Amino acid sequence: MSDELGSVGRLGGGSGTKRVRDKTRAPFICLCLLPAFLFLAVFLYYPIEETFRIALTKSTGMGPETFIGLDNYAKLFTNEEFLAGLVHVFSWAFWSVLIQLPIAFLVAFSLTFYANKLTGPLRAIFYLANVLPSAITAMLGKFIFAPRFGIIASLANTIGWKWLGSIDFLGNPKLAFWSVFTIATWAYTGFPIIYLMARIEQIPKEVREAAELDGATGWRYARSIVLPDLGYPLRILAVLCTVGSLKLFDLPNLVTAGGPGNATVTLGITLYRDGFINWNYGKAAAIGVVIFVLSLGFTIAQFSLGSRRGGEKT
Amino acid sequence: MTQAENAAGVRRGSKSVRMRHGAPEVFATIILVALALVVVLPFIIPFLFVFKTQLEFVYHPWTLPTRILWTNFIEAWKAVRIDRGLVNTFIVSIGAIITTLPPSALAGYVFARYRSRATEIAFYAIMVGYFVPAQMVLIPLYKLEVASKLNDTLYGLFLPMAAFGIPFWTLIYRSFFKSLPSELAEAARIDGAGHAGTFFRVMLPLANPATVLALILVFIGAWSDYLLSLILLSNQEHFTMQLRVASFLSAYGTDRMPRYAAAAIISAAPTVILYILGHRWIIQGTLAGAIKE
């Protein structure tokens, strides 16, 4: 990112050889930056400032706002729904790193290592579900897990496994989280797969040939050559998973609406419930600040990883 | 793909599939194809259900359909009105492209070619937006849109989308313009082109790859949006495709599976068709965006 901080642009008066006063330079720069800053000022800078301010008030959207200091934040940490959201968001991050990334690595490695006519077109298929809008992912996911008539239930009933057919995957508080997580794994593992494939394909062919001469084929090649080479992209993916989990909203809201009870509540869902169903703006803004602080922390982690191993970047 | 490596492969199994690595490759191929089937099945199984009445479905869910029955499609269409949703979603997507790309290209160009202390500070000011999740600003955004009567309009939807997208695309354009040889711009300047002329006639056309990338990904992003539409739109008329799918989910549920299957087919079709036509570009674009970053 900041590797060229010190360099000076060569265009428009910076070169030193001909220092002609360029009267159009500054106005041009300002005109170019104006549209971007207009958008950001109205829809980002002002709302950010407002979020911090509203978070310190008791505010319902109607009537006056009263300043209550850090009360909104303090109350969050005794709020059952918020704490459930916090726990779900972190266990979601944990399990997506632990389950989705290994699957993605195995698939990406096999797809590149055993590339043949059958496996060639599969990359596009694995990425298909990733492109679906989350509303449609939710629709297909419910189609699988719905009670009585969903794919699992009706398959089980057809072959006579009544115990399986009577499980309510989305309505049972113990299972709902895992059902939504399964849908997400189905939908979102495509991205790490194509990302890792692109990285694996950058390994020079000579490396692989040399490894094969040494007898390192298949799994051994994957473990001792490919995997160490993927250290950096895997860490990036892990951070992306974590930041993505902090912002998780669409799927759990669409599939189970955070329920049953608080079984699939996330930070995003508590924010939505507080802000747009209970009209408690102050509390919702405080949750927004918490999401921001947490994701900022993880993004900084991502960037510091990036600069430490910056030489590897292409 | 590393297809070239198969050139020396031994022929095995079926006449056209070359398996160079013997048993492990056969095994891996079988597993990969099975996994791909798992990914695809939720798209295919609805077709088994959709041509049946609810009664037929309850007794014989897994038999092949015996006739073509359109009633489920008609009911689902009436419930979802995907056609109106498509029009709205399309307007939002095009609007997002028009409002995201020009500001990003201009700013990215300045940050790449006119480096000074002031532009450096401006660059970091824009990058602030890159670290702010949209969820953080939902409450003030909603209040702002209500106050300025932008809520419940399609403009009110794609303008904030552009604001959330501009930091990322400024970054992409900046690194793209930096990768272009600076001699090109200097030559244009010596030929007498002004700052704006150099940008529009020489540099911007050279940035076409970045622009194509932005076109595809901004379109997909706006096309898929759920959270912003959910909060900002309230009139059914203005509902985007995703909101219509969402309200079908909560209003109709899965009790009548054939109708549900019809709705799933209708709603997934536009995206799947788009993907079949453009998957090469979509995958390449996604990777370029992810790696550049």
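Domain bounds here come from an automatic or database domain assignment. On that basis, chain B splits into domain 1, covering 1-40, and domain 2, covering 81-252. Bear in mind that this is a predicted model. Taken over C-alpha atoms, the centres of domain 1 of chain B and domain 2 of chain B sit 42 Å apart.

**Chain B as a whole**

Let's start with the fold. As for overall dimensions, the C-alpha atoms of chain B fill a box of roughly 75 × 65 × 30 Å along the principal axes. The radius of gyration of chain B is 25 Å, while a compact globule of 293 residues would come in near 19 Å.

Buried residues account for 44% of the 293 residues in chain B.

Here are some chain B numbers side by side:

| Property of chain B | Value |
|---|---|
| Radius of gyration | 25 Å |
| Box along the principal axes | roughly 75 × 65 × 30 Å |
| Separation of the centres of domain 1 and domain 2 | 42 Å |

**Where the chains meet**

The contact draws 84 residues from chain A and 85 residues from chain B. On the side of chain A that touches chain B, helix α1 (residues 25-54) of chain A gives the largest share, with 16 residues. By class, that side of chain A holds 55 nonpolar, 21 polar and eight charged residues.

**A helix inside chain A**

Helix α4 of chain A (residues 122-131) is largely enclosed by the rest of the structure, because eight of its ten residues are buried. The buried set runs A:L122, A:R123, A:F126, A:Y127, A:L128, A:A129, A:N130 and A:V131.

On confidence, the model scores ipTM 0.85 and pTM 0.86. Chain B averages a pLDDT of 86, and 92% of the residues score at least 70. Residues 1-15 of chain B are another matter: the pLDDT there is below 50, though the stretch has 18 contacts in the model beyond near neighbours in sequence. Where pLDDT is low, the predicted coordinates should not be read in detail. Keep that in mind when looking at domain 1 of chain B, which is assigned to 1-40.

Methods:
Residues numbered from 1 in each chain as written. Chains lettered and ligands numbered in written order. Predicted model: local features only at pLDDT ≥ 70, side-chain atom pairs only at ≥ 80, totals over all residues. Rg over C-alpha atoms; globule rule 2.2 N^0.38 Å. Buried ≥ 20, exposed ≤ 12 C-beta atoms within 10 Å, placed from the backbone. Contact = placed C-beta atoms within 7 Å. Helix = DSSP H or I, 4+ residues; strand = E, 2+ residues; numbered from the N terminus. Nonpolar A, V, L, I, M, F, W, Y, C, P; charged D, E, K, R; others polar. pLDDT = per-residue confidence, 0-100.
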